Amino acid sequence: MRGLLVAVPLLLAALPAAAQNPLLPGIGAKDRRVVVDATHAPWNSLVKVQSNLGARCTGVLVAPRRVVTAAHCLLNRAQRFLPASSLHVLFGYERGEYRQHRTVAALETGGPYDTERRLDGLVGDWAVLTLDGDAPEGMPPLPLARVPPDAGTPLMLGGYSQDRAHLVTADTACAARGINDTDRGPLLVHDCDGTRGVSGAALLVRTPSGTRGGDGGADGTGEGWAVAGIAVAAVSGPNPRNIAVPSAAFVAAVEGNTPSLR
């Protein structure tokens, strides 16, 4: 599949409504997204990541003090990474309010990042944020899947989309579509509906012990779900094949096995 995908970033910037494209990239001919309850698993593990410049993305809690998001959400206008001190993580965000706030003490990224959005550059489009304190109770970290899901594996994707920025909306009926091998590593291709604002959102896969609930929730603890990757780019068209960075790319950074870069 190399070279066949033309991707656009899923960053939601602070733009006037009139400047937003009504034909949202990454959404198929039939939009499957629904509003989900952000107080129930696995959605209570999602966070809203904001910068002092007004950029907003989704992130996912993967350890008591670690959040993963997309690296392109953390760039300034000169396409350089923002300092950790300018980043904020909001827990339980809904309709302009949030349960708790954490600042970022340090961040690590995937290395050289291609701002021209070539596929090889997307492999490094991840960032691990180390928070200044533990996440609040009732907001559990999700485990990372070490192996990308096979094509056809059911997935879910939820986050703070451009058109519903104050609620968590999710596609709960999508699937993996395969691996795109690049010179820098693999990318995970999926057909989950997701547009600007869901950059950094978790592509969720069932663990063997999970049992499906009515809204995709498990038991309120985060168990039963794992992060297969994070959403980083979308492809426009009636049958989108969107792009995620597999969790294997950043598992070492989450577990503290690599030095912090920022």
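**Entry 1. Terms and model**

I note at the outset that a salt bridge is a side-chain nitrogen of Lys or Arg within 4 Å of a carboxyl oxygen of Asp or Glu. The model I consulted is predicted.

**Entry 2. Arg-146 and Glu-255**

I applied this term to Arg-146 and Glu-255, whose closest N and O atoms are 2.4 Å apart and which form a salt bridge. I then looked up where the two residues lie: Arg-146 is in the loop between S8 and S9, and Glu-255 is in the segment after H2. The pair links distant parts of the chain, 109 residues apart. Arg-146 has a relative accessible area of 51% and is therefore exposed, since exposed means over 50%. Glu-255, at 43%, counts as partly exposed.

**Entry 3. The remaining salt bridges I examined**

I found that the structure holds seven salt bridges. Arg-33 takes part in a salt bridge with Asp-31, and the closest N and O atoms are 2.7 Å apart. Asp-163 also forms a salt bridge with Arg-33, with the closest N and O atoms 2.7 Å apart. This second pair links distant parts of the chain, because Asp-163 sits in the loop between S9 and S10 while Arg-33 sits in the loop between strand S1 (8-9) and strand S2 (34-35), 130 residues apart.

Arg-33 is buried, with a relative accessible area of 14%. Asp-31 is partly exposed at 38%, and Asp-163 is partly exposed at 38%.

I also recorded a network: salt bridges that share partners join Arg-32, Asp-171, Arg-177 and Asp-191.

**Entry 4. Aromatic pairs**

I searched the whole structure and found two aromatic pairs. In one of them, the ring centres of Tyr-93 and Tyr-160 are 5.6 Å apart and the planes stand at 80°, so the pair is edge-to-face. Tyr-93 lies in the loop between strand S6 (87-91) and strand S7 (100-109), and Tyr-160 lies in the loop between strand S9 (154-159) and strand S10 (169-182). The two are 67 residues apart, and both are buried.

I turned next to Trp-126 and Phe-250. Their ring centres are 6.0 Å apart with the planes at 50°, so this pair is tilted. I located Trp-126 in the loop between helix H1 (119-122) and strand S8 (127-131), and Phe-250 in the loop between strand S14 (242-246) and helix H2 (251-254). This pair too links distant parts of the chain, 124 residues apart. Trp-126 counts as buried at 8% relative accessibility, and Phe-250 counts as buried at 1%.

Key:
Residues numbered from 1 in each chain as written. Predicted model: local features only at pLDDT ≥ 70, side-chain atom pairs only at ≥ 80, totals over all residues. Heavy atoms only, no water. Phe/Tyr/Trp six-rings, centres within 6.5 Å; stacked < 30°, edge-to-face > 60°. Helix = DSSP H or I, 4+ residues; strand = E, 2+ residues; numbered from the N terminus. Buried < 20%, exposed > 50% of the residue type's maximum accessible area, 1.4 Å probe, protein only.
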